[in-house]
Amino acid sequence: MDANPVLFQGAPPPSLSAKYEGSFAYLTIRDRLPTILTKVIDTIHRNKNKFFEEYGEEGVQAEKRAISFLSKLRNELQTDKRVLPLTDGQEDVEAWNSYLQYQQSHQGELSPVSWFSSPWLYVECYMYRRIQEALWLNPPVNEFDVFWEGKSQSFLDSTPAITALCTHMELVRRGLTHSSDSQLLDQLFKLLQVSLWGNKCDLSISAGQENSQKGSPLDSLDSLRAFVLVNHSKQVWSVLAAARGDGQGQRSPGRVDIVLDNAGFELVTDLVLADFLIAAGLATEIRFHGKSFPWFVSDVTARDFEWTISQTSAANHKWMSACGVHWKRYLKEGVWSYHDHAFWTLPHDFGDMASRAPDLYASLRSAHLLLFKGDLNYRKLVGDRDWPHATPFHLALRGFHPAPLCSLRTLKANVQVGLEAGRGEELSTTTPTWMTSGSYGVIQFCSSDREQ
């Protein structure tokens, strides 16, 4: 498959789907998604007393209805039933139900849109939206975050690693006034890799099982270097350095947008990277993009973002607290800002953004650099399709290119492009799980829609 580089011509490859029995998509929908739903049901049930204390009998009845809804959803998934329209009246319902109609027209009337017959990306996103529907249809528990316990515990369990990373950042901050470009380059490379490997802490992949970072991430970078399949850190530096200019007032550093993935330790790695970019004069503004409701078990919401910074600033450790104080100041001064948009929690891949969310696409065009964190963002960047691994990254993006962009992603789904010819075939022979184990990663950059 990878013997020769493949140029994208004509129709793109098929979407990854559970209809291919034995595939990673099939195993995910058969095994992992029902496990996640079971954990969600259990979490709601375990909070029954909390609901009673806060809302009385009304809360208990809402809990029962939500559990009944989710139990029915789990059965629909496991028995490959039709995908149903949303009914909760939220602003995104029309977009979701229109997408269902699109899938039906694409598959044909004789092949109903169902859990195992449709694109994996679609039905996995759909499951998380239906989890929210179960809550939104059942006030007063409609604001309950079923994934909160795991996300907050992941942060707390990673405290030693967070302390080490914040200590490193404060030491770097002290020396920035005397740092040469080569020293800044070295620190950028380190923190890009820390942010990359922070992406291993993904609770949706572990089906909600504990998945925190224990030791200092900086100590592991040398041993992990061989597992970075694509490392375009130099291109990232070039974009940032070009925006900064020559220091004589010719240009000024610009805006970097970070499209977040997981809360917990990974979010801290992203905050430290963003802190460095501001402190080192490589950016003047950072915009963080998260989800507007709980998503894929551990994705960052506004609550997670604010809680993480608050917890960090209140820490007993001197340097951990110092980082949190800096981050609060960045937010207060408008140097940092958090944004969410309904498009991030729709089933569309990013190739649809310009037409489906032109306001978001226009905003991203104003950034000097876009950093996309994690596996789901990568899947949406390249359409979650069965691309040959040697397909150039810019071709797999299929026209999505609001600004220079870079994906920092550990591989946890069987899609990866932009590899040297034959490399994917070699890895498939020596390490059959290389695309799904989270052991390999990429720092993959694209400067334009025409060349990488």
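In this predicted model, F296 is buried, with a relative accessible area of 3%. F296 also has a positive phi of about 50°, although it is not a glycine, and its place is the loop between β3 (285-290) and α12 (302-313).

**Overall form**

- The protein contains 452 residues, of which 59% count as buried.
- For 452 residues, a compact globule would have a radius of gyration near 22 Å, and the protein agrees with this because its own value is 22 Å.
- The C-alpha trace spans about 65 × 60 × 40 Å along the principal axes of the protein.
- Of the contacts between residues at least 6 apart in sequence, 79% join residues at least 24 apart.

**Helices α7 and α13**

- Two packed helices are described by the angle between their axes and the distance between the axes.
- Helix α7 covers residues 159-175 and helix α13 covers residues 318-333; the two pack at an angle of about 70°, and their axes are 8 Å apart.
- Helices α7 and α13 are therefore roughly perpendicular to each other, since an angle from 65 to 115 degrees is counted in that way.
- The crossing in which α7 passes α13 is left-handed.
- On the α7 side, the contact is made by I162, T163, C166, T167, M169, E170, R173 and R174.
- On the α13 side, W319, M320, A322, C323, H326, W327 and Y330 make the contact.
- Sorted by class, the contact of α7 with α13 has nine nonpolar, three polar and three charged residues.

- L165 is a residue of helix α7, and L165 counts as buried because its relative accessibility is 0%.
- Residues up to four places away in sequence aside, L165 touches L191, V194, P217, L218, F265, V268, T269 and V272.
- The C-alpha atoms of L165 and M320 are separated by 8.3 Å, while the two residues are 155 residues apart along the chain.
- H326 belongs to helix α13, and its relative accessibility of 17% is the reason why H326 counts as buried.
- Apart from its neighbours within four places in sequence, H326 is in contact with E170, R173 and D275.
- Both E170 and R173 are also listed among the α7 residues that make the contact with α13.

**Helices α1 and α5**

- Helix α1 (residues 24-46) packs with helix α5 (residues 120-136) at an angle of about 10°, and the axes of the two helices are 11 Å apart.
- This angle makes α1 roughly parallel to α5, because angles under 35 degrees count as such.
- From α1, the contact involves F24, A25, T28, I29, R32, L33, I36, L37, V40 and I44.
- From α5, the contact involves W120, V123, E124, M127, Y128, I131 and L135.
- The class count for the contact of α1 with α5 is 14 nonpolar, one polar and two charged residues.

**Helices α2 and α3**

- Helix α2 (residues 48-55) and helix α3 (residues 57-78) cross at roughly 145°, and their axes come within 6 Å.
- In this pair, K48, F51, F52 and Y55 of α2 meet E57, E58, G59, V60, E63 and K64 of α3.
- The contact of α2 with α3 has, by class, four nonpolar, one polar and five charged residues.

**Backbone features in loops**

- The peptide bond that runs from P139 to P140 is cis, and its omega is near 15°.
- P140 lies in the loop between α5 and α6 (148-157).
- R398 has a phi near 50°, which is a positive value in a residue other than glycine.
- The loop that holds R398 is the one between α17 (393-396) and β6 (405-410).
- R398 is partly exposed, with a relative accessible area of 23%, whereas F296 is buried.

Conventions:
Residues numbered from 1 in each chain as written. Predicted model: local features only at pLDDT ≥ 70, side-chain atom pairs only at ≥ 80, totals over all residues. Heavy atoms only, no water. Axes fitted to C-alpha atoms, helices over the stretch in contact; angles between N-to-C directions. Helix = DSSP H or I, 4+ residues; strand = E, 2+ residues; numbered from the N terminus. Parallel < 35°, antiparallel > 145°, perpendicular 65-115°, else oblique. Left-handed = near helix turned anticlockwise from the far one by under 90°. Contact = heavy atoms within 4.5 Å. Nonpolar A, V, L, I, M, F, W, Y, C, P; charged D, E, K, R; others polar. Buried < 20%, exposed > 50% of the residue type's maximum accessible area, 1.4 Å probe, protein only. Rg over C-alpha atoms; globule rule 2.2 N^0.38 Å.
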